Amino acid sequence: IFLKYRENKHLKIYTENSNLGNRPGIFYMCLFKINKTEFIKIGITSKSIEKRFNKSEYDKYTYKILQKIETTNLISAKIEHHLLKNCNNRFIFSPDIIFNGYSECFDLSDKDILISLLEDFFFLFINRVLCDWFSI
């Protein structure tokens, strides 16, 4: 099942409210598993990843953290937005058991594409920061 990309509500909130946007945040990429099905879940949290998934709706799943980027809420939301926007419907995976954040899941075979998009984000972000810093 393909899900249409939707605007990132967190990006809007954190852009409009710098107090919230500048607080610590985490972008994560996890490998989720249930029975023989594996998929990638990305997302952001302002608490630990362990606390994020310590809810009954995730009890049937096991997960392994593949990427963890500790930054601000705003930067975390920008990373998530970049990946979701650039994957627009091409790679979205819909798990059989729905949970909060199910629309941010990807087929396991797309792991390398997601990591490449993550690297692209940081390349663009660093270039932007350097250009701003040097007023280029």
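Which residue forms a salt bridge with glutamate 16, and how far apart are the closest N and O atoms? The legends below begin with that pair.

**Figure 1. Salt bridge of glutamate 16 and lysine 12.** The partner of glutamate 16 is lysine 12, with 2.8 Å between the closest N and O atoms; a salt bridge is defined here as a side-chain nitrogen of Lys or Arg within 4 Å of a carboxyl oxygen of Asp or Glu. The model is predicted, so local features need pLDDT of at least 70 and side-chain atom pairs count only at pLDDT 80 or more, while totals for chains, interfaces and linings use all residues. Residues are numbered from 1 along each chain as its sequence is written, and side-chain values use heavy atoms, with hydrogens and water left out. Both glutamate 16 and lysine 12 belong to helix α1 (residues 9-16), where four residues, about one turn of the helix, separate them. Glutamate 16 is exposed, at 60% relative accessibility (buried means under 20% relative accessible area, exposed over 50%, partly exposed in between, with a 1.4 Å probe and protein chains only).

**Figure 2. Salt bridge of glutamate 104 and lysine 41.** An N to O distance of 2.9 Å joins the side chains of glutamate 104 and lysine 41. Because glutamate 104 lies in the loop between α4 (73-86) and β4 (105-107) and lysine 41 in strand β2 (residues 37-45), the pair ties together parts that are 63 residues apart in sequence. Glutamate 104 and lysine 41 are both buried.

**Figure 3. Salt bridge of glutamate 70 and lysine 68.** The side chains of glutamate 70 and lysine 68 meet at 3.4 Å, N to O. Glutamate 70 is exposed, with a relative accessible area of 61%, whereas lysine 68 is partly exposed at 42%. The search of the whole structure finds three salt bridges.

Figure 4. Cysteine 30 is buried, at 0% relative accessible area. Cysteine 105 is also buried, its relative accessible area being 0%. The structure contains zero disulfides, a disulfide being a pair of cysteine sulfur atoms within 2.5 Å.

**Figure 5. Chain context of the close-up views.** Five helices and four strands make up the elements of the chain, in the order α-α-β-β-α-β-α-β-α from the N terminus; helices (H or I, at least four residues) and strands (E, at least two) are DSSP runs, numbered from the N terminus. Of the 136 residues, 40% count as buried. Among contacts with a separation of 6 or more, 69% are between residues 24 or more positions apart, where contact means heavy atoms within 4.5 Å.
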